Amino acid sequence: MYQDPYQRRYRKLRVSLTAACNYACTYCVPDGKKLLKAKHEMSVEQFIQAVSLIVESAGIEQLRITGGEPLLSNKLEAFLVGLKPLNIPELCLTTNGQFLEQKLPALLDAGVSRINVSLDTLDPVRFKEICRGGDLNVVLRGIDRAIESGVKLKINMVPLKQHNADQVVPMLEYCLERGIELRYIELMKMGHLAQGDGFLQEFWSMKSLLDQISERYDYAPTQAPVDSTAVRFQIPGKGEFGVIANESKPFCRSCSRLRLSSAGFIYGCLSNTRRHYIADLLSLERDKGLASMHQILTNAMKDKQDLNFTGETTVMKMIGG
Ligand code: SAM
């Protein structure tokens with residue numbers, strides 16, 4: 001068991017299956033850059049071995065597959081098969097939805113029970129401006145299929161002052177009408193936003209978006225799990241929504257997350273460039289591998305920020321948000 005002085009422990013593992021993405025969202029990637037897979041991406045066997053050691057060492061309760069765009073990876077199906085014997089209590093996925101319709105049956109067969117779809121706007125022009133890739137209608141179709149399947153679904157929206165702040169209420173209504181929980185994610189100072197004034201030009205706070213919502217709806221705070229990243233609200237008779245308020249209401253003190261990148265690095269904290277290479281230890285005998293993993297997970301726990309998210313130059317797509 002790994003526990004730090006704030007009683008934080010690892011419960012949730014995020015695995016970035018590939019750093020490649022078919023979008024190049026303005027807040028994630030600098031202008032003109034493309035999102036390519038890591039030069040030395042781990043093999044499926046390495047991914048599974050890494051997850052297996054982490055699960056045995058840290059007692060992970062939830063694994064979230066992310067990226068890059070995880071549904072782009074040709075390792076997805078084999079990875080899902082390899083996860084089965086590990087009996088991880090909850091399998092989740094975060095996706096931009098471009099391949100959701102095609103991949104949904106395989107995901108459900110493999111036991112993925114929660115899917116978060118990232119969608120920042122319902123306006124096709126804004127969609128192109130923000131995502132710089134993909135097709136809005138394809139995402140909406142994927143969401144419809146996911147709703148029909150009964151999988152637990154959430155939508156993630158990053159509100160941006162200049163690009164989609166006017167979508168805060170329409171996106172909420174879209175989700176409420178479909179019984180989906182919307183999660184607004186406050187913009188984070190990651191990657192190219194960690195420096196310069198790009199962050200402040202686009203940051204749209206929890207207060208700003210709640211003010212917009214209150215012009216239309218009455219809402220009240222509601223319960224969220226202890227280590228949830230979201231502040232949750234209920235609109236009586238309509239449904240719930242959440243805000244992941246990295247800036248306005250930091251949640252570092254209850255962080256239970258651990259991240260594994262496709263290039264074989266462990267990150268204890270999103271807000272820290274420190275990372276720990278593990279691909280080497282994956283070929284060791286099990287006992288030795290576990291001992292090395294134990295040391296790395298102990299060190300990674302020390303990387304967590306004490307109080308709040310201070311921002312980092314690490315690009316989100318490398319470690320999956
Ligand atoms: N491609 C997948 C997707 O779009 O959901 C998974 C990876 S993406 C990096 C995961 C989440 O991180 C997305 O919801 C995205 O909007 C969010 N994200 C990326 N950069 C961000 C930033 N600087 N601030 C806040 N959220 C960010």
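Contact here means heavy atoms within 4.5 Å. With that in mind, welcome to this predicted model. Helix α2 lies across β1, β2, β3 and β4, and runs at about 170° to β2. Those strands belong to an open sheet of 12 strands with mixed pairing.

**The sheet as a whole**
- Reading across the sheet, the strand order is β7-β8-β9-β6-β5-β4-β3-β2-β1-β10-β11-β12.
- The edges are formed by β7 (220–222) and β12 (276–277), each of which pairs on one side only.
- Strands of a sheet pair through backbone hydrogen bonds, either parallel or antiparallel.

**Parallel neighbours**
- Strand β1 (residues 12–16) runs parallel to strand β2 (residues 62–66), and five bridges join them. Here R14 stands opposite R64 in β2.
- Strand β3 (residues 90–95) pairs with strand β4 (residues 112–118) in the parallel sense, over five bridges.
- To get from β3 to β4, the chain passes through helix α3 (residues 100–109), making a right-handed β-α-β crossover.
- On to strand β5 (residues 152–157): β4 is joined to β5 by five bridges, and the two run parallel. S118 sits opposite N156 in β5.

- Helix α1 (residues 44–58) packs with helix α2 (residues 76–83) at an angle of about 35°, and their axes are 9 Å apart.
- This crossing of α1 and α2 is right-handed.
- From α1, the contact involves V44, F47, I48 and V51, while α2 contributes A78, F79, G82 and L83.
- Seven of the residues in this contact are nonpolar, one is polar and none is charged.

Terms used: Residues numbered from 1 in each chain as written. Predicted model: local features only at pLDDT ≥ 70, side-chain atom pairs only at ≥ 80, totals over all residues. Heavy atoms only, no water. Axes fitted to C-alpha atoms, helices over the stretch in contact; angles between N-to-C directions. Helix = DSSP H or I, 4+ residues; strand = E, 2+ residues; numbered from the N terminus. Left-handed = near helix turned anticlockwise from the far one by under 90°. Nonpolar A, V, L, I, M, F, W, Y, C, P; charged D, E, K, R; others polar. Pairing = 2+ DSSP bridges. Right-handed = clockwise from strand over helix to strand, strands pointing away.
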